Amino acid sequence: MTSSSPSEQDSPPISTPGGRPPFRRMEIRAAVSGTLGSALEYFDFALYGALAATVFPALFFKDLGPTGGLLASFATFGVGFVARPLGAVFFGHLGDKIGRRPVLFITLMLMGGGSILIGALPTGKGIGIAVVLVALRFLQGFSLGGEAIGNQLMTMEHGDKSRRGLLGSFIVMGAPISQVMANLSLVVLTAVLSDDQFQSWGWRLPFFGSILVVAVAVFIRVKLEETPAFVANRELEPQVVQPRAKGLRVLVTHPRKVILLTLGWGGPALAFYLVVVYGLNYLTKEIGLSKDVTFLILMVGNGISALGCIAGGVLADRIGRKAIMMGGIGGTFVGVALFFTVAGASVLAAGLIVAFLLTSVQFLSGAQPALFAEQFPTESRFSGAALSYNFANLLFSAPAPFIATVLAASGGTNLVMLVTLAVLVVSAIAVSRLQEGRHLDLEEFTEIELPRMKAKRRAQV
């Protein structure tokens with residue numbers, strides 16, 4: 001069943017080269033809105049992760065000592081991931097019930113508001129403020145549980161199937177771009193401010209700056225329409241024989257898909273946060289690099305890796321999502337091994353290895369939005385994709401810096417490396433068992449049972 005809005009039909013298409021159909025304006029708006037939302041999401045997480053590894057232990061957890069403060073700071077970083085599956089259940093249910101568009105307005109407001117309030121927190125006030133910090137991180141994670149996948153589905157369901165990989169890669173590109181912006185802001189601030197100024201008020205400025213991204217994203221989302229796939233599915237619902245339950249029900253209806261996607265995304269998620277969060281501590285404390293050099297390495301590495309997103313998305317449309325995921329996991333495997341064995345040779349070696357590792361992760365990330373969207377029917381797509389994505393982040397991203405710190409303290413960094421490599425192998429096995437869906441029409445991919453379908457099946461019996 002096909003459905004398109006009058007405004008989209010009246011809007012002149014934007015030409016595109018080759019044999020692909022022309023871009024539609026709503027398709028472009030969805031991609032731009034998703035990219036901005038993704039940029040804000042990862043900017044906040046990158047900023048918080050960098051500060052959690054460097055200054056937050058002294059600002060909020062000084063009484064716990066150096067190691068205890070670092071562990072407590074990493075634990076608050078993980079709280080945001082703990083809240084994500086809860087947000088995925090809540091917003092996934094809403095997204096499948098009332099639509100993708102209204103959910104994205106709610107999550108954007110919660111996400112931006114949480115970031116601004118974190119920047120306003122007083123420091124050195126003991127356990128009370130630390131609890132507020134944890135609560136705000138929880139609020140951010142809760143909203144991001146819906147924002148991350150909502151962005152992707154809004155674009156996937158508006159986009160033509162011949163370029164879903166490309167469109168998804170633009171959204172994912174918000175991650176490395178925001179990492180660049182977060183680290184650039186910290187490089188500039190640490191360069192122009194004294195340590196006392198930075199720890200007193202300088203670290204707050206990037207959090208306050210996120211309000212600009214929120215304003216632009218809201219402006220664009222006002223002009224977005226609901227996706228054709230959701231509209232078509234909603235028009236069928238009055239005829240449904242037995243409606244599909246939403247939210248957690250997807251764990252009963254599609255458990256295998258949720259498990260495979262969680263494991264498939266787990267390895268890349270672990271490797272990414274191992275480098276951008278724990279890697280800050282590793283490069284400064286273990287390798288001996290200065291904070292500004294480390295920030296610069298991550299900034300350049302993330303900037304280069306943005307090209308990997310686009311390459312992965314373009315190739316995913318040509319050769320398939322699974323092939324890109326497998327290639328990226330292989331590159332990430334090599335990058336992790338080099339990071340813990342060769343990165344200490346020189347600043348140049350550390351920079352090249354970080355760039356290669358992050359580019360490998362972003363290469364496979366270019367195929368991730370399309371891969372996740374194509375595993376579930378419309379009526380449970382938001383819930384299924386959101387739960388899978390956020391379960392992976394909860395199980396693998398959230399504890400990455402915390403577990404790496406514990407493993408390094410007990411068995412050295414080689415133990416950290418071996419555990420990470422083992423998880424990547426599991427991810428490759430899981431991806432190999434997923435379906436390839438680049439030829440699917442998402443608007444027609446539904447499991448809703450209509451009376452005529454039921455009658456036809458009875459007649460056949």
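Q: In which helix is Val-89 found?
A: In this predicted model, Val-89 is found in helix H4, which spans residues 65-97.

Q: Why is Val-89 called partly exposed?
A: The relative accessible area of Val-89 is 24%. Buried requires a value under 20% and exposed a value over 50%, with partly exposed in between. Val-89 is therefore classed as partly exposed, at 24%.

Q: How far apart are the C-alpha atoms of Val-89 and Arg-249?
A: They are separated by 9.6 Å, although Val-89 and Arg-249 lie 160 residues apart along the chain.

Q: What makes Ser-115 count as buried?
A: Ser-115 lies in helix H5 (residues 100-119), and its relative accessibility is 0%. The cut-off for buried is under 20%, so Ser-115 counts as buried.

Q: Which residues are in contact with Ser-115, leaving aside its neighbours within four places in sequence?
A: Ser-115 is in contact with Asp-44, Gln-140, Phe-207 and Ser-210. Each of these contacts rests on heavy atoms within 4.5 Å.

Q: Why is Arg-204 called buried?
A: Arg-204 has a relative accessible area of 14%. Buried means under 20%, and Arg-204 is therefore buried. The residue lies in the loop between helix H9 (195-200) and helix H10 (205-222).

Q: What surrounds Arg-204 in terms of contact, leaving aside its neighbours within four places in sequence?
A: Arg-204 is in contact with Gly-119, Ala-120, Leu-121, Pro-122 and Thr-123.

Q: How do you know whether Val-180 is buried or exposed?
A: Val-180, in helix H8 (residues 174-192), has a relative accessible area of 17%. That value is set against the limit of under 20% for buried, so Val-180 is buried.

Q: Which residues does Val-180 touch, not counting residues up to four places away in sequence?
A: Val-180 touches Met-299, Asn-302 and Gly-303. Val-180 and Gly-301 are 8.3 Å apart in space, C-alpha to C-alpha, and 121 residues apart in sequence.

Q: At what angle do helix H13 and helix H16 pack?
A: Helix H13 (residues 255-286) and helix H16 (residues 347-365) pack at about 145°, and their axes are 10 Å apart. H13 passes H16 in a left-handed crossing. On the H13 side, the residues making the contact include Trp-265, Phe-272 and Val-276; on the H16 side they include Val-354, Leu-358 and Gln-362.

Q: How many nonpolar, polar and charged residues does the contact of H13 with H16 have?
A: The contact has eleven nonpolar residues, two polar ones and no charged ones.

Q: Which residues touch the most other members of the largest nonpolar core?
A: Leu-51, Phe-56, Phe-60, Tyr-273, Phe-339 and Phe-340 do so, in a core of 112 residues. H13 gives the most to this core, with 17 residues. A second, separate core has five residues, among them Met-26, Leu-104, Met-154 and Leu-224.

Q: With which residues is Phe-340 in contact, leaving aside its neighbours within four places in sequence?
A: Phe-340 is in contact with Leu-274, Tyr-278, Tyr-282, Thr-413, Asn-414, Val-416 and Met-417.

Q: What makes up the protein chain as a whole?
A: The protein chain has 21 helices and zero strands. Of its 461 residues, 58% count as buried. Its accessible surface comes to about 17600 Å², and 68% of this belongs to carbon and sulfur atoms. Among contacts with a separation of 6 or more, residues 24 or more positions apart account for 85%.

Notes:
Residues are numbered from 1 along each chain as its sequence is written. This is a predicted model: local features need pLDDT of at least 70, side-chain atom pairs count only at pLDDT 80 or more; totals for chains, interfaces and linings use all residues. Side-chain values use heavy atoms; hydrogens and water are left out. Axes are lines fitted to C-alpha atoms, for helices over the stretch in contact, and angles run from 0 to 180 degrees between N-to-C directions. Helices (H or I, at least four residues) and strands (E, at least two) are DSSP runs, numbered from the N terminus. A crossing is left-handed if the near helix is turned anticlockwise from the far one by less than a right angle, and right-handed if clockwise. Ala, Val, Leu, Ile, Met, Phe, Trp, Tyr, Cys and Pro count as nonpolar, Asp, Glu, Lys and Arg as charged, and the others, Gly among them, as polar. A nonpolar core is a set of buried Ala, Val, Leu, Ile, Met, Phe, Trp, Tyr and Cys residues joined through side-chain atoms within 4.5 Å. Buried means under 20% relative accessible area, exposed over 50%, partly exposed in between (1.4 Å probe, protein chains only). Accessible areas come from the Shrake-Rupley method with a 1.4 Å probe; for residues, only the protein chains shown count as cover.
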